[in-house]
Amino acid sequence: MIKSFIFSGVGLFVLLFILYKSITSFVIDQEVQKARLLAHTLVYTREYLAQEAPFVEIKNKKFHPFSLTPAYAVGQIAKIIEKNENIYVKQTSDRYRNPKNKPNIHELEAIEYFKIHPNAKEFFQIHQGHKDYIKYEHLFYAYPLKVKQSCLKCHGPKNEVPKPILQKLEKYYGDRAFGYKLGDIRGIISIKIPFNEITNKVDFLFLKLSFVLLFLYLLGIVIFMRINNLIFKDIKSINSYLQEKLSKNIYRPFKEPMNFYEFDIIKKEINNTVNSLKNYQKNLYKSLYYNELTGLPNRKKLMKVIQKGEYPIILFDIDSFKEINYFYGEEVADEIIKQVAKRLEDQRAFHIKIDEFAVLKYKKMDKDEIYEFTKRMLKKLEEPYEIGDYSIIIKFRAGIAYTHRTFMRALSALDATRFLNKDIAFCSEAERIRDSYQEHLIWLRKLKVAIENKKIVPFFQPIMNRDAKVCKYEALVRLIDENGEVISPYFFLDVAKKSRLYFEITKQVIEKSFEKFHDLDYEFSINLSTLDMESDVIKEFILEKLSNFRDPERVSFEIVESEDINNSQSAYEFIKELQKFGCKILIDDFGSGYANFDYLLSLGANGLKIDGSLIKNILEDENSQIIVRTIVNFAKEVNMQVIAEFVENEETFEYLKALGVDCFQGYYFSPPKDDL
């Protein structure tokens, strides 16, 4: 308690100290603002007089001849302000004309400051009294007076000052304050506010607020003492109950009355906790081993059961349950799960995940029997689910662990149904998929090593014109493995597309192709997929390369014809970006199964490459001849270039030339090579 009073007293003292400093800072800021406002008023008055004085003639000789000049008139205003407001106001300069306006050392310091800092708007300090000029403590504020065009009439070079004005100036002020240039510091407006007024304001506010704080402090001590005693009384009661009852696992209600509402809430929470502990012990087992939604035993329960003996395990999984949840809503999806559980209630069923169930078969069954049983269960589970106004049909898949009866093998069998595109799969089938997955991992490792060592390279196959001369090259990706063997994309490209390595392959092919043709005059083409054109990283990479390439119109991009690109707005927009650089767009493998002429026109392609499957048998296959002839005729109508792939012999070359094909590519001319 004593420590609390000591700390609170120290805190009060610190608070008062901070308060005094804050009030002082606030009052000084107000006084600076007052000086700033006065300075601005005088400056605006000077500017007004500078504009109007040339148009006013002083005929009354009682007036000073410079009565309406900015310096003289504002000087008179400053005297009136100083007399009435007890504020020292003066215009002064280090090159003063009137000896009465001679600057003191602080004013000279301010003038020098503005000369060194020409962009400074103001200067202020707090000064102690000085025996020679201002003998009291004061706030000193200075505002710079810069030479403007109107000032040069009286302060410019003497040979540029009008002679009548020059004569008057020399008569009254002598040969001073000439030779200024536009923007020079002519002087300052000097304002000094007595600091005793600031101190009085600070002291008054501080005393007033100090009395309020002291009163609140004493009142707080009295209230604190009273509340503290009552709080300790309630805490003691609660502590006694916890030690005597709950620490000994005696779950009885806490009945002693509390003095404060907050402790009464704690008392109620303690009683709620006591009741919850009883219910928790009762429900713990159920919550650990049973699913809340369906009431079926869960995965933990299944694991405990299969530890006691080996039983055939069948896992049932709902196909595309996320889509059902999204389309129909969570309430309908939950109701479906409940109905699935109800259809399994006559089996030894377990609810594993939200859309996954398991069934254990205890009786002896051979492989055919369990397969037929699973088929019957699938048929039952796939009957329509009537929920409200919906009649929902759901597909299920099933994985069976029959020979080695573990949950993980059943799960592997369930995963195998996706790869095998089957409704039912045994764990033995999953093993074959695992072998395929291992091969997938081997290729992933090869890809990673090749990318890290820059062993993804383009091979170049020439594209010939009708005179069998090279008109461009196509860049085709290859992988050079650890043994230096050249690997076709057939073996690794699908694996790459299923990983994050695919885009690194694209980048290396693009980068090396641009480097290869940087100093050559040939055109070249690069293959792009929809994946590439929907990747912001790849798009930015390509646009950067084109921006730094001297002849971007020599670059063609071959787009694989597919429904994916037809539905991709992002790909369409990127193709338009490429065409702005002058790049050509070619449709690769046209006619390979998704031939869409409208798609060609909407894409604005410059040409197309007829798929090799139509070319390699064209001499014998009449259907291929009809299709190729149709494609060529269409392309000619819309002014598109036609390139034929898989030209393997002279007969095919001559036949295609006769059909009107423009360019040719194939092993008849050259296989893809690592150099031109």
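Analyst: Let's start with Phe13, which counts as exposed because its relative accessibility is 60%. This is a predicted model, so please read everything here as computed from that prediction. Phe13 sits in helix H1, which covers residues 2–52.

Four strands form an open sheet in the order E1-E4-E3-E2, and the pairing is antiparallel. Strands E1 (88–92) and E2 (123–127) stand at the edges with a single partner strand each, so one side of each has no neighbour in the sheet. On average, neighbouring strands here are turned by 20° against each other, direction ignored. Strand E3 (residues 138–146) pairs with strand E4 (residues 185–194) in the antiparallel sense, over nine bridges. You can find one of these contacts by looking at Lys146, whose bridge partner in E4 is Ile185. Helix H3 (residues 105–116) packs on this sheet and touches E1, E2, E3 and E4, while its direction makes about 135° with that of E4.

Glu107 and Lys192 meet through their side chains in a salt bridge of 2.6 Å, N to O. This pair links distant parts of the chain, since Glu107 is in helix H3 and Lys192 in strand E4, 85 residues apart. Are these two buried or exposed? Glu107 counts as buried because its relative accessibility is 0%, and Lys192 counts as buried because its value is 1%.

Asp536 forms a salt bridge with Lys539, with the closest N and O atoms 3.7 Å apart. Both residues lie in helix H17 (residues 536–547), three residues apart, about one turn of the helix. Asp536 counts as exposed because its relative accessibility is 53%, whereas Lys539, at 15%, counts as buried.

Lys609 and Glu558 form a salt bridge, their closest N and O atoms being 3.1 Å apart. Lys609 lies in strand E18 (residues 607–610) and Glu558 in strand E16 (residues 555–560), so the pair ties together parts 51 residues apart in sequence. Both Lys609 and Glu558 are buried. They also belong to a network of salt bridges that links Glu474, Glu558, Lys609 and Glu645. In total, the count comes to 24 salt bridges.

Terms used
Residues numbered from 1 in each chain as written. Predicted model: local features only at pLDDT ≥ 70, side-chain atom pairs only at ≥ 80, totals over all residues. Heavy atoms only, no water. Helix = DSSP H or I, 4+ residues; strand = E, 2+ residues; numbered from the N terminus. Buried < 20%, exposed > 50% of the residue type's maximum accessible area, 1.4 Å probe, protein only. Pairing = 2+ DSSP bridges. Axes fitted to C-alpha atoms, helices over the stretch in contact; angles between N-to-C directions. Contact = heavy atoms within 4.5 Å. Salt bridge = Lys/Arg side-chain N within 4 Å of Asp/Glu carboxyl O.
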